[in-house]
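Colleague: Hi! Could you walk me through this structure?

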Amino acid sequence: MPLNRRPSVLLRPLAGATAALALLATGSTWAQNFPITPGQRTTAEQVAQAGVPLSELAPNAPDSYTIKRGDTLWAISSLFLKSPWRWPELWGMNLQAIRNPHLIYPGQTLYLHKSDGRATLSTVPPGAAADSGGTIKVSPRTRYDSLSDTAIPPVNLQAIEAFLTEALIVDEATFSQAPRIVAAPENRVLLTKGDRAYARGQYGSSPSGTALGSAGQPNDFRVFRNAVPLKDPTTGEVLGYEAQYLGKATLQRGESLVSSPGADGKSQTEIVPATLDIVAAKEEMRVGDRLLPEPPRDFSYYVPSAPASALSGQIVSVYGNGVTYAGQNQVITINRGTVHGVQRGHVLALMRDANLVADKTDEARPMLRLPGERNGLVMVFRTFDKLSYALVLQVADGAKVGDRFTNP
């Protein structure tokens, strides 16, 4: 049976696991495509089969729930838990049966188990045998479904789709030395899908940089413009540059040097730029736009979880031209990244400003610093060295640049 397919009937029931997850345990390519982070695995090892205290359950947590198309992991977590980021603990990951806890599917029923003051969630009803040891008779008919099309995503991926495929943050040196489009056929000003462009990867009279088409260099590029500096709201430090995505180009012929006779009869060296074809265009491109290698595919499966250690920082930007406040399902950039221990799936709490007010009950009218209150929750979905993109999951008042965040 192909590893990327699932049968309509299981040969043997599995405790706390699904058929798809059982396939992952066999070492299929799915387990490689959707890796578990070290932090998630540590959590799994610590809480496997332990669950969460009953006090952590949502007030109206159901005894069972059948997953539907359109569900998200966050929505299902919120159904069962007061703190949805504690999903890995509630799921009680059985590492022997579940090599990857990320994938659950429509039609599966989740059952809430309560015992000794704790709760766990599995696909086995309470009281059912974990493994009968026998074999269930199956029909010769087998139905196949594509797992990739039905797996429940962690959040609404439509809200972050562009950031998973387009957005890119780079450092100043990387962007300033990136190859650039230098000419277009017939002196065209604007380029779009299907057009040809010419580009160079070297700079200056004594060329620096790497020529496009050199051995070991990529052939597929993303085209960018207007790298905007992202600064720390407190220190003013430039943490990275957010490049504006325009489209994609494929290298057809590398750049080179040729010799030709000059007007005085002497040989001279001429630059032949690389030839590229524009294969995708979000906006029209022009001379001066930059090229950056197509990054590896960024898989979008991760489990909402709280950071293992204390983490705090500020919002650097709210994505969108002219947007000041971020509401639900909008994207923000935060001033923490992989060097600070941020991982995809980390849930963080947004805080309101700590306001100064006068104490009108005191004749001296002293100023009081009110403590910051929680304003909402965000989840990190893409990380860079010093910056990360996060999706606003819940928010009371709009979040803005400079607002702080901390552990949930």
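Modeller: Let's begin with Glu 294 and Lys 248, whose side chains meet in a salt bridge, 3.6 Å from N to O. Keep in mind that this is a predicted model.

Colleague: Where in the chain do Glu 294 and Lys 248 sit?
Modeller: Glu 294 is in the loop between strand 15 (290-293) and strand 16 (313-318), while Lys 248 is in strand 11 (residues 238-253). The two are 46 residues apart, and the pair links distant parts of the chain.

Colleague: And is Glu 294 buried or exposed, or something in between?
Modeller: Something in between: Glu 294 has a relative accessible area of 29%, so it is partly exposed. Lys 248 is partly exposed as well, at 27% relative accessibility.

Colleague: Why would such side chains pair up at all?
Modeller: Side chains of opposite charge can pair when their charged atoms come close.

Colleague: OK. How many salt bridges are there?
Modeller: The count comes to ten salt bridges. One of them joins Arg 352 to Asp 397, with the closest N and O atoms 3.1 Å apart. Arg 352 lies in the loop between strand 18 (347-351) and strand 19 (356-358), and Asp 397 in the loop between strand 22 (388-395) and strand 23 (404-406), so this pair ties together parts that are 45 residues apart in sequence.

Colleague: How accessible are Arg 352 and Asp 397?
Modeller: Arg 352 has 33% relative accessibility, so it counts as partly exposed. Asp 397 also counts as partly exposed, at 44%.

Colleague: Which residues are joined into a network by salt bridges that share partners?
Modeller: Arg 222, Lys 248 and Glu 294 are joined into one network that way. You already know Lys 248 and Glu 294 from the salt bridge we began with.

Colleague: Let's switch to rings. How many aromatic pairs does a search of the whole structure find?
Modeller: It finds three aromatic pairs. In one of them, the rings of Phe 381 and Tyr 389 have their centres 6.2 Å apart and their planes at 15 degrees, so that pair is stacked.

Colleague: What about Phe 384 and Tyr 389?
Modeller: Those two form an edge-to-face pair, with 5.9 Å from centre to centre and 85 degrees between the planes. Phe 381, Phe 384 and Tyr 389 form one aromatic cluster.

Colleague: How accessible are Phe 381, Tyr 389 and Phe 384?
Modeller: Phe 381 is at 1% relative accessibility, so it counts as buried. Tyr 389 is buried too, at 0%. Phe 384 has 13% and also counts as buried.

Colleague: Now a helix, please. Which residues of helix 4 are buried?
Modeller: In helix 4 (residues 73-80), the buried residues are Leu 73, Trp 74, Ile 76, Ser 77 and Phe 80. Seen down the axis of helix 4, they fall within an arc of 165 degrees, so they line one face of the helix.

Colleague: And the surface? Which residues form a nonpolar patch there?
Modeller: Val 357, Leu 368 and Leu 370 do, with about 200 Å² of accessible area together. Leu 370 is in the loop between strand 20 (367-369) and strand 21 (374-383), and it is partly exposed, with a relative accessible area of 38%.

Colleague: Last stop: what does the side chain of Asp 403 reach?
Modeller: It reaches the backbone nitrogen of Lys 400, at 3.0 Å. Asp 403 lies in the loop between strand 22 and strand 23 and counts as buried at 5% relative accessibility.

Colleague: One more, then. Where is Ile 332?
Modeller: Ile 332 is in strand 17 (residues 331-334), and at 0% relative accessibility it counts as buried. Ile 332 and Val 380 are 48 residues apart in sequence and 9.3 Å apart in space, C-alpha to C-alpha.

Note on methods:
Residues numbered from 1 in each chain as written. Predicted model: local features only at pLDDT ≥ 70, side-chain atom pairs only at ≥ 80, totals over all residues. Heavy atoms only, no water. Phe/Tyr/Trp six-rings, centres within 6.5 Å; stacked < 30°, edge-to-face > 60°. Buried < 20%, exposed > 50% of the residue type's maximum accessible area, 1.4 Å probe, protein only. Helix = DSSP H or I, 4+ residues; strand = E, 2+ residues; numbered from the N terminus. Arc of directions from axis to C-beta. Salt bridge = Lys/Arg side-chain N within 4 Å of Asp/Glu carboxyl O. Patch = residues over 30% accessible without salt bridge, like charges linked within 9 Å, V, L, I, M, F, W, Y side chains within 5 Å. Areas by Shrake-Rupley, 256 points an atom, 1.4 Å probe, with all protein chains shown as cover. Polar contact = N/O pair within 3.5 Å; in protein donor to acceptor, adjacent residues only side chain to side chain.
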